[in-house]
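Hi,

Here is the structure I promised to pass on.

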Amino acid sequence: MSKKQLRNRLLQMILVLVGISFLTFILTYMAPGDPVRTMYAATGVMPSEEEMNQVREQMGLNDPVLVQYFRWLGGCLHGDFGTSYSFKKTVVELLLARLWPTLKLALLSMVIMLAVSVPLGMVSAVYKNKWIDYLVRGITFFGISIPNFWVGLMLMLVFCVMFKIFPVICSGGDLQSLILPAVTLAIAMSAKYTRQVRTAVLEELNQDYVTGARARGVKEWKILWCNVFPNSLLPLITMLGLSIGSLLGGTAVVEVIFSYPGLGNLAVSAITSYDYPVIQGYVLWVAIIYMVINLIVDLSYHFVDPRMREKR
């Protein structure tokens, strides 16, 4: 990727972020409910309407929507995403505290997924239309079909309630509390990635260079791991980038089921309590993570596949 392309890409990212921030702010502004009333209801004390109007005025909630948006956007540019209505902490502090647990959960689930999907996908491709291929494809079909919340509940029932191997409530601080949420996330991903690896490997096995290598007497395992697998990485890397972004921002259901203290659980709590600053900051952070990861994925193409490198 040339410097000009990189500059254009960064400019596009900035424009997209501005658009996402505006849409997020407008949607939260239009959402039903009153954050001040909800905030007081959580404390069990309900002041008069006049007192609540004074609080709204102090928080700037009575200002025109564009004034509120540009005030919030100006704060974001200085690293100030506002203060949570419910937690009475800065949004940056809350997001940073929840980012590392979610990052650990995402990385562990990715490791489990790759350890399962890459060997199964390659075996399914090598033994195409054999009994093992049909077995793997059947398992992946079942894995894609079942929803994450059902898998999580079944794993919790078996390993937390019946056998009491893992804790019911995950603290996020030790490996034991990470295993079940990570396995829950990895099951559906493993099914999807196994099919993707199988498709990519089958496409490479039909290439002429594989036929030539076999004719020269190169061992089959060497062809698979030294030639076929590296050439199958591009679609896998693309999916990995999308999966990392979705895991960092879309693990809310699993985190709520296991009471895991991650970003998704924080987002659900913010939505139920009309905590607008947290919702807006969360969406903006997830958007930044998505775009940065996609940029890294695009840059990695030029290192993985020499054919995509520009001629100097």
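Let me start with a helix pair: α5 (residues 91-126) and α10 (residues 220-231) pack at an angle of about 100 degrees, and their axes are 13 Å apart. That angle makes α5 roughly perpendicular to α10. The classes are: under 35 degrees is roughly parallel, over 145 roughly antiparallel, 65 to 115 roughly perpendicular, and the rest oblique. Axes here are lines fitted to C-alpha atoms, for helices over the stretch in contact, with angles from 0 to 180 degrees between N-to-C directions. On the α5 side Val118, Met122 and Val126 meet Leu224, Trp225 and Phe229 of α10, where contact means heavy atoms within 4.5 Å. By class, the residues of this contact are 6 nonpolar, no polar and no charged (Ala, Val, Leu, Ile, Met, Phe, Trp, Tyr, Cys and Pro count as nonpolar; Asp, Glu, Lys and Arg as charged; the others, Gly among them, as polar).

A word on where this comes from: it is a predicted model, so local features need pLDDT of at least 70 and side-chain atom pairs count only at pLDDT 80 or more, while totals for chains, interfaces and linings use all residues. Residues are numbered from 1 along each chain as its sequence is written, and side-chain values use heavy atoms, with hydrogens and water left out.

The other pair is α7 (residues 148-162) with α8 (residues 176-205), packed at an angle of about 140 degrees with axes 9 Å apart. That makes α7 oblique to α8. Their contact is made by Asn148, Val151, Gly152, Leu155, Phe159 and Cys160 from α7, and by Leu180, Val183, Thr184, Leu185, Ile187 and Ala188 from α8. This one splits into 9 nonpolar, 3 polar and no charged residues.

Cysteine 160 is buried, at 6% relative accessibility, and cysteine 76 is buried too, at 12%. For the cut-offs, buried means under 20% relative accessible area, exposed over 50%, and partly exposed in between (1.4 Å probe, protein chains only). How many disulfides are there? The count comes to 0, taking a disulfide as a pair of cysteine sulfur atoms within 2.5 Å.

Two lysines are worth a look on your screen. Most residues other than glycine have a negative phi. Lysine 88, though not a glycine, has a positive phi of about 60 degrees; lysine 88 sits in the loop between α4 (65-77) and α5 and is exposed at 57% relative accessibility. Lysine 164 has a positive phi of about 55 degrees, lies in the loop between α7 and α8, and is exposed with a relative accessible area of 64%.

Next, isoleucine 289, which lies in helix α14 (residues 276-304). Isoleucine 289 counts as buried at 17% relative accessibility. Leaving aside neighbours within four places in sequence, isoleucine 289 is in contact with Leu99 and Leu248.

As for the whole chain, the protein has 14 helices and 0 strands (DSSP runs numbered from the N terminus: helices are H or I, at least four residues, and strands are E, at least two). The C-alpha atoms fill a box of roughly 85 × 60 × 30 Å along the principal axes. Of the 312 residues, 42% count as buried. Among contacts between residues at least 6 apart in sequence, 73% join residues at least 24 apart.

Cheers
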